[in-house]
Amino acid sequence: MKRWLKEDLWRHAIALVTCFFVLFPIYLVILSALSPTGSLQVTSFIPKTISFRNFSMLFTSPKIPYLVWMKNSLVIAGVVAILSVVIGAASAFAFSRLRFKGKKQGLQLLLLVQMFPAILSLSAVYVIMSRVYSFAPRIGLGTQPGLLLVYMGGAMGVNIWLLKGFVDSIPMELDEAAKVDGASAVQTYWLIFVPLAAPVLAVVSLLSFIGTFNEFILARLFLVDMHARTIAVGLQGFISGQYASNWGPFAAGSIIASIPLIAIFLSLQRYIISGLTAGSVKG
Amino acid sequence: MSAFAKREYAISIFLGFALFAMAITYLTNFSIPMKFFLPGMFFLFAFVVGPILYTVAMSAFHYETGNYISKPEAITQILSTGVRPDANQTTFDIVIGEDAGKKLEILASDPTNKKYFISSETTKIDLDPSTLKIDENGDVATAPGFHALTPSEQSALDAQLGSARFTYSSDYFITIEGGTLGSLKRQTLVYDKGTDTFKNVLTGDAYKDNGTGDFANIKNKADILQPGWRAPIWFSNYTKLFTDPQIRKPLIRVFIWTVVFASLTVLTQFALGLLIAVVMNRKLFGRRIYRSIIILPYAMPSIMSILIWGGMFDTEFGAINHLFGTHVHWFQSPLYARMAVIIVNLWLGFPYFYLITSGALQAIPAELSEAAAIDGATSGQIFRKITLPLLLQVVSPLLVASFAFNFNNFNIIYLLTGGGPANTLGGDVAGSTDILISYTYKIAFGAGTQNLGLASAISVVIFFIIASISLYGIRRSKVLDSFA
């Protein structure tokens, strides 16, 4: 018993302090979401009254198209997640398995391009998309499809790089066996690689989904119209300007928006973490 | 192909090339790898490589507020604004109309001098007052051969009417100021195409193309005409970074803070993550619950977490001051604002390092520390001499990657402090917590003068810094070996 105290007590103490540090902001969000005054103003850390006004406001107030924002975010992030992995997987397969001239240079270019932080080329993307707008107003600046295209480009580098790592780990013998049996590269891809890599593809698309869902700067630059906004831009609008103004609905909205992400993350953490260590840091 | 019609040649050439490549690749068996690559390459080139090249190109131009347009556009604008009313500020009462050939004209009345005339953009016809019906104000409303426009017809011609110049004399012309008033003006800035100079006919000053996108007074270089144009100035934006003290000073300050911020972030995140990993690296009651709680910050949408922390640091209502019973102006003092940024980033990032290090700790064979223990090493010695070196070997590439990521961690700065506090009265763009990337963002898109050329130049410099850091990390992680 004494040994237990000596060995484990300090561990529990540190773990508990850390948990407090982690949970403190989260607790505050829940607190202000449930507070009827709708501010982050703390008078007491224990709520006296609990109200669901902030939550109901999100769904009933005509000024807050919360469900539309949520739908926008889910659709944009979903499309980017699926398409960028479908397209990225093909390139990753080619980089990993096929032999061609300029493979090394291609990989180096991919690596180099990834090092140029996206925000730095923001002004260029802005100018290019405003030019696209001049002849194709549906996919230019200020439209969701335009934003989607830009996201696709941004996701491509990381995804190809991550997926290439996974393809490399699939034993070469499988391809060679298929080749001996007369399969073409395209057949090898669809019949051998895609079924084998399915779980990995799912994880990478999940990472793309989370990354896109979290993206803020481009979305804010692109989506001006209230009903076109994503959830991140929409919610930020509540509290930008004067602080402590609309914290209630912001907190409630954040909680609802976080739930799907946290659920995905906690249930798949093992796979996501292996994916993260393989290639990148959270963006 | 409508891109071509709109004169967006670069984009249309790119699209045309992409279509051509697609046709070749998918309709023939020209290249199998290309069948896999093409869609990915399309997006990569259109939205990543293209913008990067564009940024590099922009960095060679004088491209800022006041110098956004092309030179011909700038000349047109200078010409249209380079007019002055005549010395007496003469005005006429006018009626806007057309002649029989639908050509725009005005019927002008000068009641004081009893002069009446019809003027178009090319001709001026004086009228004999005795033939006209003059009202009690001394104005005329109609004249033979003159057809007045109705208000709705006028509003349809709005743009044309605003810029029309009606003939008066060789130097002077009349422009429309509101529906019934015309004022007498003259062109004071005259452009001479042959010598590429503007001349002010009143003062006699000559303005010459100064080579950096402005027409500057020959006698006084600081006197330039607005607007300028985006002119190629090659490496001037880069040399300015080092030679212009107004740019160099804040840049050095921001750069130092960027390095400090990124190092402190990685250090604190790694230290806390490692501590937790070590603490929980044994069977502990409730370990699964601890673990689930501790990775929450990593799972939550980071934007929302940052905004919430921003509210918590509020001086009056914030939870932090309430919790500790203090009254700290977190975002008004440089030191406290910097502390806040580090604390929030610690919260956001340490779970990542906890996950990484706990995985790495488990991978270290237990035999090593057991052998050391038998040899009489204390647990502290085992940690410092065996565990930590082995661990660092595994995680150092990730530390480097994390440093590179935080070097450009725009969101936390932008959303938490906005780069502030800044001495805005002193005209500083850079705030105390601004890192290079948020500073660049302010230069390019900020509230004051927006300088895209300079911002692009800084971007390129940042790219080289990040690339060298990342290459160092990659060398260590031996990713490049697979290229060989």
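Two strands pair if DSSP finds at least two bridges between them. The model described here is predicted.

**Strands β11, β12 and β13 of chain B**

Strand β12(B) pairs with β13(B), residues 206–209, in the antiparallel sense, and 3 bridges join them. On its other partner, β11(B), the count is 4 bridges, and these two strands also run antiparallel.

| Hairpin | Residues between the strands | Turn residue with positive phi | Phi |
|---|---|---|---|
| β11(B) and β12(B) | 4 residues | D196(B) | about 55° |
| β12(B) and β13(B) | 5 residues | G204(B) | about 80° |

L189(B) stands opposite N200(B) of β12(B). T197(B) has K208(B) of β13(B) as its bridge partner. In a regular strand, side chains alternate between the two faces of the sheet.

**A proline in a loop of chain B**

P227(B) is in the loop that links β14 (215–217) and β15 (231–232) of chain B.

Leaving aside neighbours within four places in sequence, P227(B) is in contact with G66(B), N67(B), I69(B), A74(B) and Q77(B). For A74(B), the separation from P227(B) is 153 residues in sequence, while the C-alpha atoms of the two are 5.9 Å apart in space.

**Chain A and its helices**

Chain A has 11 helices and 0 strands. Of its 283 residues, 43% count as buried. Among the contacts in chain A with a separation of 6 or more, 70% are between residues 24 or more positions apart.

A bend of about 35° occurs in α6(A) at M156(A). Of the 26 residues of α6(A), 21 are buried, so the helix is largely enclosed by the rest of the structure.

**Where the two chains touch**

How many residues of chain A are in contact with chain B? The count is 77 residues of chain A, in contact with 77 residues of chain B. The elements of chain A that give two or more residues to this side include α1 (2–34), α6 (144–169) and α11 (247–279). The most come from α1(A), which gives 13 residues. By type, the residues on the side of chain A that touches chain B are 55 nonpolar, 17 polar and 5 charged.

**Domains**

The domain assignment divides chain A into domain 1 (2–57) and domain 2 (65–279). The centres of these two domains of chain A, taken over C-alpha atoms, are 33 Å apart. For chain B, the assignment gives domain 1 (2–58), domain 2 (83–187) and domain 3 (242–483). Between the C-alpha centres of domain 1 and domain 3 of chain B the distance is 37 Å.

Terms used:
Residues are numbered from 1 along each chain as its sequence is written. Chains are lettered from A and ligands numbered from 1 in the order in which they are written. Two residues are in contact if their C-beta atoms, placed from the backbone, lie within 7 Å. Ala, Val, Leu, Ile, Met, Phe, Trp, Tyr, Cys and Pro count as nonpolar, Asp, Glu, Lys and Arg as charged, and the others, Gly among them, as polar. Domain bounds come from an automatic or database domain assignment. The bend at a residue is the angle between axes fitted to the seven residues ending there and the seven starting there. A residue is buried if 20 or more other C-beta atoms lie within 10 Å of its own, exposed if 12 or fewer, and partly exposed in between; C-beta atoms are placed from the backbone.
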